[in-house]
Amino acid sequence: MSKFNVGWYLLYTRPRQEARVAKEMADKNIQIYLPYTTVKRRWTDRIKVLEVPLFPSYVFVRLTNMHEFYYGSNLESACSYVRFGNEVARVSDAAVEAVRTIAKAGNNLEVSSERFTPGQQMTIKEGPLCGLNCEVIQYKGKDKILVRVHMLQRSIMADMPASVLIPFEAEQQL
């Protein structure tokens, strides 16, 4: 990395250490984004609703210089930055904003590492996810929208009424 590119990067953490890494980075005034979702966990005697990271073991980090990069690399709870080959992978601002928008809307979110076959391409026409492109799939017998996050090899699924979806047109794609 001879010339540093300012932007968002993914920091891979040790299991269940996302919040610790995020706090340590934020304490150094480094901008982070750690999206959460709520899940129901069942124990033998009760069901509890927990808030867990949307992408386990990953923290989005906005780096502005090499000092911040090396600080994140040297944290005890962090493993490394996500790389493609020898290059540290940079996450586009648009991808981070899409994840923010989905997480903010947040009803019945589910992240999956399953490989889904492509479904019907749609665009959301109203609500907090307005303008976001997605696919409609069948998952566990229900229609859901699917937004793919290719860099993490994950997909975010959510319930969405059909009335807010319109067919995706190729000319809209950037």
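1. A residue is called buried when its relative accessible area is under 20%, exposed when that value is over 50%, and partly exposed in between, using a 1.4 Å probe and protein chains only. Thr 123, at 7% relative accessibility, therefore counts as buried.

2. This is a predicted model, in which local features need pLDDT of at least 70 and side-chain atom pairs count only at pLDDT 80 or more, while totals for chains, interfaces and linings use all residues. Residues are numbered from 1 along each chain as its sequence is written, and side-chain values use heavy atoms, with hydrogens and water left out.

3. Thr 123 lies in strand 11, residues 120-124 (strands are DSSP runs of E with at least two residues, numbered from the N terminus). The side chain of Thr 123 makes a polar contact with that of Asn 133 at 3.0 Å (a pair of N or O atoms within 3.5 Å; within protein, one must be able to donate a hydrogen and the other to accept it, and residues adjacent in sequence count only if both atoms are side-chain atoms).

4. Strand 14, residues 154-158, is mostly covered, four of its five residues being buried. Strand 14 pairs antiparallel with strand 10, residues 110-112, over three bridges, and five bridges join strand 14 to the antiparallel strand 13, residues 142-149 (pairing requires that DSSP finds at least two bridges). Ile 156 of strand 14 is the bridge partner of Val 111 and also of Val 147.

5. The structure holds zero disulfides (pairs of cysteine sulfur atoms within 2.5 Å). Cys 134 is buried, with a relative accessible area of 2%, whereas Cys 79 is partly exposed at 39%.
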